Amino acid sequence: MSAHISATEGSVLPPPNLAIELINVRKNFGKTEIIRGANLHITQGQRHALIGPNGAGKSTLFNLISGRFPLDSGDILLNGTSIAGSKPHQINRRGLSRSFQITNIFHRLSVFENVRCALLWSLGYGYSFWHRLNGLKDVNERAEKVLEEIGLQARRNIEAGLLSYAEQRALEIGITIAGGAEVILLDEPTAGMSRSEAEAAVELIRKVTIGKTLLMVEHDMNVIFDLADRVAVLVYGEIIACDTPDAIRSNQQVQQAYLGSAAQSENSV
Ligand SMILES: Nc1ncnc2c1ncn2[C@@H]1O[C@H](COP(=O)(O)OP(=O)(O)OP(=O)(O)O)[C@@H](O)[C@H]1O
């Protein structure tokens, strides 16, 4: 990456430390191009929202970054090193963790066991091994700390399937952060929530991502303005803009891209 010239003539700033770099990323499903040369730079420690019309390719991009889908071409760097071709667990162990649009918890396990299971997976232990690890003190302590962070300590012993929807989403965030990843991907963390639930979720996400890098797919402008330092706009598989929330809201090209999206609600983009 090249150094860039600052506004003060003559002084050269060092390049920012990038947590995630997408370089001309392409992905086809069959003959259909879904991601069409996406480029994106996410600075370490920033919170980014990824927005775009339905079907723009947001989940696909998450699947590419987290290693669930292989790239067709281009490159993805995590903290400066290519992760193209790496498996999801390898990428996780290099410090990137993601949540899913559909909740990804084990409904029959207790809330505590869900967090502990995620923690052990991120440490490289299989589920069967985890059964024999009830006494693993550090892991249990870390799991308790995560429960405290997500406000579910009082619910630790109940089956996760019995939690309310908002609590399940909080547990999913706990599962995502359990391993201590520095780069967090959240897919629509406030989808389906009431306004007050979404506000609580924003506070939780803010708290658990302090000092970390966050990339989240989000539609709710209230959430985006509350939480995001930058907003990246994906339209037909290309990032057409990446800027502050204010700049994105007044960006003509972004506005045009959303015209005709009649299904979008008043508070959504
Ligand atoms: N595994 C797959 N096989 C074939 N096509 C797929 C696959 N996954 C996604 N697609 C297609 O890729 C396109 C982009 O889908 P994707 O889910 O990434 O969009 P999105 O921006 O996340 O949409 P939404 O906001 O509705 O969740 C869609 O046309 C979808 O049908």
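This briefing describes the fold, the ligand shell and the confidence of the structure above.

The structure is a predicted model, in which local features need pLDDT of at least 70, side-chain atom pairs count only at pLDDT 80 or more, and totals for chains, interfaces and linings use all residues. Residues are numbered from 1 along each chain as its sequence is written. The chain has ten helices and twelve strands; these are DSSP runs numbered from the N terminus, with helices (H or I) of at least four residues and strands (E) of at least two.

**Confidence and overall packing**

- The mean pLDDT of the chain is 87, and 85% of its residues reach 70 or more; pLDDT is the predictor's confidence in each residue, on a scale from 0 to 100.
- For the complex, the predictor gives an ipTM of 0.95 and a pTM of 0.86.
- Over residues 1-8 pLDDT stays under 50, and the model has eleven contacts beyond four places in sequence for them; two residues are in contact if their C-beta atoms, placed from the backbone, lie within 7 Å.
- Residues 262-267 also have pLDDT under 50, with five contacts beyond four places in sequence.
- Of the 269 residues in the chain, 39% are buried; buried denotes 20 or more other C-beta atoms within 10 Å of the residue's own, exposed 12 or fewer, and partly exposed the range in between, with C-beta atoms placed from the backbone.
- Among contacts in the chain with a separation of 6 or more, 65% come from residues 24 or more positions apart.

**The four-stranded sheet**

- An open sheet is formed by four strands in the order β4-β3-β6-β7, with antiparallel pairing; two strands pair if DSSP finds at least two bridges between them.
- The edges are taken by β4 (32-43) and β7 (81-82), each with a single partner strand, so one side of each has no neighbour in the sheet.
- Strand β3 (residues 18-29) is joined to strand β6 (residues 73-78) by five bridges, and the two run antiparallel.
- Nine bridges link β3 and β4 in the antiparallel sense.
- Glu21 stands opposite Leu77 in β6 and opposite His41 in β4.
- The hairpin of β3 and β4 has two residues between the strands, and Gly30 there takes a positive phi near 60°.

**Arg36 in β4**

- Arg36, which lies in strand β4, is partly exposed, with 15 other C-beta atoms within 10 Å.
- Beyond its neighbours within four places in sequence, Arg36 is in contact with Arg26, Tyr236, Gly237 and Glu238.
- A distance of 7.7 Å separates the C-alpha atoms of Arg36 and Asn24, which are twelve residues apart along the chain.

- Helix α1 (residues 58-65) lies across β3, β4 and β6 and runs at about 65° to β4; axes are lines fitted to C-alpha atoms, for helices over the stretch in contact, and angles run from 0 to 180 degrees between N-to-C directions.
- Seven of the eight residues of α1 are buried, so the helix is largely enclosed by the rest of the structure; among them are Lys58, Thr60 and Leu61.
- Just after α1, Gly67 takes a positive phi of about 85°.
- Around the ligand are Phe29, Ile34, Gly52, Asn54, Gly55, Ala56, Gly57, Lys58, Ser59 and Thr60, each with its C-beta atom, placed from the backbone, within 6 Å of the molecule.
- With three residues, α1 gives the most to this shell.
- The shell has three nonpolar, six polar and one charged residues, where Ala, Val, Leu, Ile, Met, Phe, Trp, Tyr, Cys and Pro count as nonpolar, Asp, Glu, Lys and Arg as charged, and the others, Gly among them, as polar.
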